[in-house]
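Biologist: I have just opened this model, so please walk me through it slowly.

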Amino acid sequence: METRSTKRKKLWFASNNEGDNDIDRISDLPDAILHHVLLLLPLKSIAQTSVLSQRWRSLWSSFPDLDFTTMNPSKAICFTPKLKSKRWWSSMDFIANVLALRDKHSDLRALRFRAHLSFSHLNGLIRRAIRCNVQELDVEVATGDYFNFPRGVITSESLRVLKLRSRYPGFRLLPSSVMTLGFPSLHTLSLSLVILYEQSSLLDLFTESSFPCLKNLNLDACFGMKHLKVCCRALEDLTIENCFQLHSLDICSAKLENLRVASCFDAYSDKTWFKVNAPRLRSISWEYNSITASSSLVNLTSLHEASVGFSLLHENLSVEKLQSVCNFLSGLSHVHSLTLDSQCVEILSNKNDIINLLHPFNNLKVLELHTGFEKNNVPGLAFLFRSSPTLHTLILKIINDFTTERRQWNRDLWDLSTSAEEQYWESQLQALRPFLDHLKVVKIHGFLECENEVSLAKFLLKHGKDLQEMTLCTAKCCNFKDSLRRQKVRSQIMGFSWASSNAKIVFLLSS
């Protein structure tokens, strides 16, 4: 039965909630919260909310993140003359109008757009963004002709992030004397398709005194750049890509943690060189770079992860470049996880006394090797194993070239008889003893039961006393005569009575 007290409470709530359906509680939320909610919508939808009321019109005019790329999907931006249509230019006018009608007291946090436009239009848009104290400027443009780096961004005290990408034909940097006078707050700089034929040496641009707050630097497709020096004191992440004419790269940064260099250096020059001094470097990725005539990697005592791959025009390396490869890898001696591509294995298989000067990887725990596993690769693999005395995990990714004839498995390979390859591994036993005593995990991808692979697997099982697990991933495209043959392989490898370890052996089918 309902008491009088309960009835009074009901009447009180009813009288106070009367007319609540007419109250717009969302509009009463603070601007910061509503801006955060609107950020989840495409820009076009955000603009459409401005017709709801004066309150929402104010929210639109003060919206801090203008991402016009959501209005012009990249698949529609082909940068052809057809884009110079009335509709295209009206969209560019829309960007200009949005900036012009912004609340003068509202700062702009981010501006992003992709466009085909003239340099004057580009400069105009950037100037308006700078007047709005823009913090992040992300621009990808194509112009009718080369254009100069926008001077307006240099003196901006609000700009934190600048990403400028030219699709065609490219842009030119201003003289270093002008560039180094600004960017007081910039911490991220990304430049793509820079034309530097008249300014091929950037030795005084990224220095200790310039870009005092720069933490992230990305340089892509700097055509004509031959010499680059990077010594920014606050730099933490550096990426350099597609600089095919580069002759020298000098990096010195006390705070650098991540370095990626890909598809760089002049392959036809015999005077190229690379130098890095970075005591805090944690990760280095060296991909498809031409081998330099000299390399110097100094003070990389904090290195945790490294991935190395070279691009070779021809197989015969000069003694100078062979020494450079040796110096490069020796500079990585403190690394904990190392990945080497097939070209590295080929080079280390070279019977040259220079290779023997390579420093051991005494801290290395994980080694991943990409290799064709031909007979001539075996010495290179053995050399790397000898150089990794405390290795925990070995990963072999075999690049199967089915145009190359390889001696396939036969059942005798898995019994007590020994092949020439196995005899070679046995001859390396004493030198490989530290490696074998620490190895615990082996993974072989692309395992085809070929003689080289079988011999190595037998050797590791036989002498790896602490080996805990061996995973053999069989290539999906293998041609076996019947399933019984594969079963014989498994039963024979599982039943080794002479194996020193009690390793778990797993067969998997590679995807």
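Predicted model: local features only at pLDDT ≥ 70, side-chain atom pairs only at ≥ 80, totals over all residues.

Biologist: What is the phi of asparagine 242?

Modeller: Phi is near 55° there, a positive value in a residue other than glycine. Asparagine 242 is partly exposed because its relative accessible area is 28%, and that class lies between buried (under 20%) and exposed (over 50%), using a 1.4 Å probe and protein chains only.

Biologist: And what about serine 263, where is that found?

Modeller: Serine 263 is found in the loop between strand E13 (258-262) and strand E14 (273-277), and its phi is positive too, about 55°, although it is not a glycine.

Biologist: Which residues does a cis peptide bond join?

Modeller: That bond joins tyrosine 168 and proline 169, with omega about -5°. Proline 169 is in the loop between E5 and strand E6 (171-172).

Biologist: Stepping back, how many helices and strands are there in the protein?

Modeller: The protein has 14 helices and 23 strands. Buried residues make up 50% of its 511 residues. If you take the contacts (heavy atoms within 4.5 Å) with a separation of 6 or more, 69% of them are between residues 24 or more positions apart.

Biologist: Take serine 290, then: buried or exposed?

Modeller: Serine 290 counts as buried because its relative accessible area is 9%. Its place is in strand E15 (residues 283-290), and, leaving aside residues up to four places away in sequence, it touches Cys264, Phe265, Ala267 and Ser311.

Biologist: Changing topic, how many salt bridges does the structure hold?

Modeller: It holds 15 salt bridges, each being a side-chain nitrogen of Lys or Arg within 4 Å of a carboxyl oxygen of Asp or Glu. In one of them, arginine 165 pairs with aspartate 138, and the closest N and O atoms are 2.8 Å apart. This pair links distant parts of the chain, since arginine 165 is in strand E5 and aspartate 138 is in strand E3, 27 residues apart. Both arginine 165 and aspartate 138 are buried.

Biologist: Which residue forms a salt bridge with glutamate 368?

Modeller: Lysine 397 does, with the closest N and O atoms 3.6 Å apart. Glutamate 368 sits in strand E19 (residues 366-371) and lysine 397 in strand E20 (residues 393-398), which puts the partners 29 residues apart. Glutamate 368 counts as buried because its relative accessibility is 17%, whereas lysine 397 is partly exposed at 32%.

Biologist: Where do glutamate 426 and lysine 462 lie?

Modeller: The side chains of these two, glutamate 426 and lysine 462, meet in a salt bridge of 3.7 Å, N to O. Glutamate 426 lies in helix H11 (residues 420-427) and lysine 462 in helix H13 (residues 451-463), so the pair ties together parts that are 36 residues apart in sequence. Salt bridges that share partners also join Arg114, Asp138, Glu140, Arg165 and Arg167 into one network.

Biologist: Last topic: how many cavities of 30 Å³ or more are there?

Modeller: There are two of that size, a cavity being a set of points on a 1 Å grid over the protein atoms alone where a 1.4 Å probe fits but cannot get out, with lining residues having an atom within 4 Å of a point. Volume here is the space filled by probe spheres set on the points, which are joined across faces, edges and corners. The largest cavity holds about 40 Å³ of space, and its lining includes Ile126, Phe149 and Lys163. Strand E5 (161-168) and strand E3 (136-142) each give two or more residues to that lining, and E5 gives the most, with three.

Biologist: And which residues line the second largest cavity?

Modeller: Trp286, Ile291, Thr292, Ser295, Phe310, Ser324 and Phe328 line the second largest cavity, which has about 30 Å³ of space.

Definitions and conventions. Residues numbered from 1 in each chain as written. Heavy atoms only, no water. Helix = DSSP H or I, 4+ residues; strand = E, 2+ residues; numbered from the N terminus. 1 Å grid on protein atoms, 1.4 Å probe; cavity = no way out; pocket = protein on both sides within 12 Å on 5 of 7 lines; lining within 4 Å.
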